[in-house]
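Hi everyone, thanks for coming.

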Amino acid sequence: MKKLTGISLAALLAASTFVGCNSDYTVPETVYQNVAVQSFSLAEDDSVLVHLDSVFFSIDLGRGRIFNADSLPYGTKIDRLIPKITMMQTVSKAELKVTRANGTDTTYNYLENSTDSIDFSHGPVILTLNSFSGTTSAQYSIEVLVHKEKSDSLVWNQTAVRPLPSTLDNVSMQKTVSLDNTVYCMTTDGQAYDLASKANGTEAWNNATPALPENARIETFSANNEALFIIAGGQAQENGKLFISTDKGLTWSDTGTEMAYIYGAYGSKLLGNSVKNSSYYLAYYPAEASEQLVPDDMPVAETSQTWDFTFPMAQNIMTVFVGGEKSNGTQSNATWAYDGSSWNNISVKPLPDAIAGMTLVPFYSFTVSPSLVATQYEVLLAFGGTGRDEANRTVYISYDYGMTWDKGGEYIQLPDYIPSLHGSQAYIDTTTFYAARSCNDWREYLPSYRIPANAMFELPFATASRATRPVAEWECPFIYLYGGKINGGKCSDTIWRGTINRLMFKPII
């Protein structure tokens with residue numbers, strides 16, 4: 001936040017403009033300098049908010065509006081605030097009128113009692129200024145805006161659920177991958193297959209019937225940065241043939257490589273493992289000549305998705321996953337990374353519990369300074385899966401690419417109305433403009449039980465606007481959470497959509 005600075009009379013007379021909060025306002029002829037508000041702020045009061053006196057207020061002389069474009073934190077009490085108003089000494093009358101819904105209005109004489117506390121909780125307070133001669137007057141609507149929601153909560157809102165984009169009636173398994181800015185959702189009912197695809201930034205799905213190989217294992221559906229892959233034949237943690245599709249999943253051909261499990265991709269390289277003489281070996285496509293055993297304690301199945309990062313002290317891009325099931329049947333709480341040549345356990349502070357089938361997704365978090373400046377950080381979120389034979393509902397957060405993990409704050413935890421999910425895939429749609437999104441395929445979620453107090457699910461279009469003029473669209477990244485298993489193995493035929501509340505607030509322009 002910036003400390004409000006006064007506007008000189010000379011600037012008003014010479015330029016006849018006022019700059020407030022990155023926008024230019026022209027002072028109309030009907031607004032005279034002797035009744036112009038030069039600055040507005042709130043008096044210091046740490047019992048209300050630390051650095052309250054530093055909150056920046058914009059003054060729109062043309063529209064007669066004074067407001068804080070960056071709203072105060074959720075829950076801030078604004079019923080006893082002391083305004084600090086700078087105006088010309090030629091002002092003979094300065095009154096603040098508080099209008100209440102019950103009809104009890106109060107008028108304060110600011111010139112006589114400038115330290116009176118004002119109740120801003122009932123909406124705009126009207127400031128009326130008269131010139132010394134009484135021939136000129138002006139009115140200003142003063143608003144102290146407060147976020148209506150926890151700004152940094154992860155919100156899975158009421159309109160954020162829809163069925164998987166499948167043409168099949170009874171989906172028994174799904175797997176969703178991303179390739180070349182397109183999401184591919186493969187589903188099966190145990191007999192037929194459907195492949196739905198959509199480009200990032202759109203809501204329109206295209207469905208096709210893929211010519212998959214016999215005994216294709218949907219759970220192994222994967223992608224590198226060039227093609228789609230799937231393993232056919234064998235059971236879980238058994239070798240099968242690796243097939244490739246270079247035409248968006250419509251036709252498939254045998255690569256000549258065998259794999260038991262696919263971790264993910266590293267650029268154009270597919271990363272997996274294979275089984276030989278009851279031992280697990282690292283497997284790649286294109287295949288590499290040397291055989292290497294899977295490192296000790298490295299999971300061989302049920303790992304999270306992999307995501308690529310550039311580490312500050314690493315020479316190469318790293319791809320990471322968290323959790324999984326090891327060859328001895330136990331679960332892992334570690335983060336493993338691949339740098340193009342070798343796998344390593346990079347955990348410094350691993351997950352507090354060993355969990356398999358987690359969902360891993362890169363997203364954002366915010367820290368807010370005492371002066372209310374929000375700083376955005378890239379983080380990893382990990383949630384879901386099964387640990388110690390119990391479903392995991394805790395959302396964990398890492399600020400350092402998975403090297404250290406902590407339990408996320410209260411307001412990024414999953415609400416109770418999202419079921420426990422095992423093996424869901426999550427992707428970020430970063431190209432969609434929030435206000436322009438179509439919600440036709442999304443249904444309103446209306447739980448039949450009481451929502452806990454910390455569940456944030458306000459309709460996004462009802463959130464408080466921070467805009468100083470109408471905003472049609474802006475970037476708002478969403479997490480899309482696809483499928484997963486519930487109730488002991490049943491496929492969840494849903495997509496959940498969520499984001500951080502702060503990202504849904506209209507930007508200041």
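Let's start with strand β22, residues 269-276: six of its eight residues are buried, so the strand is largely enclosed by the rest of the structure. Buried here means under 20% relative accessible area, exposed means over 50%, and partly exposed is in between, with a 1.4 Å probe and protein chains only. Strands are DSSP runs of E with at least two residues, numbered from the N terminus.

Before we go further, a word on where this comes from. This is a predicted model, in which local features need pLDDT of at least 70 and side-chain atom pairs count only at pLDDT 80 or more, while totals for chains, interfaces and linings use all residues. Residues are numbered from 1 along each chain as its sequence is written, and side-chain values use heavy atoms, leaving out hydrogens and water.

Now, which strands pair with β22? One is β21, residues 261-266, antiparallel over five bridges. Another is β23, residues 279-285, also antiparallel, over seven bridges. Two strands pair if DSSP finds at least two bridges between them. To find your place, look for Ile-262 opposite Gly-272 in β22, and for Leu-271, whose bridge partner in β23 is Tyr-284.

Next, the turns. The hairpin of β21 and β22 has two residues between the strands, and Gly-267 there takes a positive phi near 65°. The hairpin of β22 and β23 also has two residues between its strands, with Asn-277 in the turn at a positive phi of about 55°. Ser-278 sits in the loop between β22 and β23; its phi is near 65°, positive in a residue other than glycine. Why point that out? Because most residues other than glycine have a negative phi, and most peptide bonds are trans. Ser-278 is exposed, with a relative accessible area of 70%.

Now find the second largest pocket, with a volume of about 260 Å³. What lines this pocket? There are 15 lining residues, and Glu-258, Ser-274, Leu-282, Ala-283 and Glu-291 lie nearest the centre. Strands β20 (253-259), β22 and β23 each supply at least two residues of the lining, and the largest share, four residues, comes from β23.

Last stop: an open sheet of four strands, in the order β24-β25-β26-β27, with antiparallel pairing. Its edge strands, β24 (307-310) and β27 (343-345), each pair on one side only. From one strand to the next, the twist averages 35°. A pocket, on a 1 Å grid, is an open set of points where a 1.4 Å probe fits, with protein on both sides within 12 Å along at least five of seven lines; lining residues have an atom within 4 Å of a point.

Terms used. Axes fitted to C-alpha atoms, helices over the stretch in contact; angles between N-to-C directions. Points joined across faces, edges and corners; volume = space filled by probe spheres on them.
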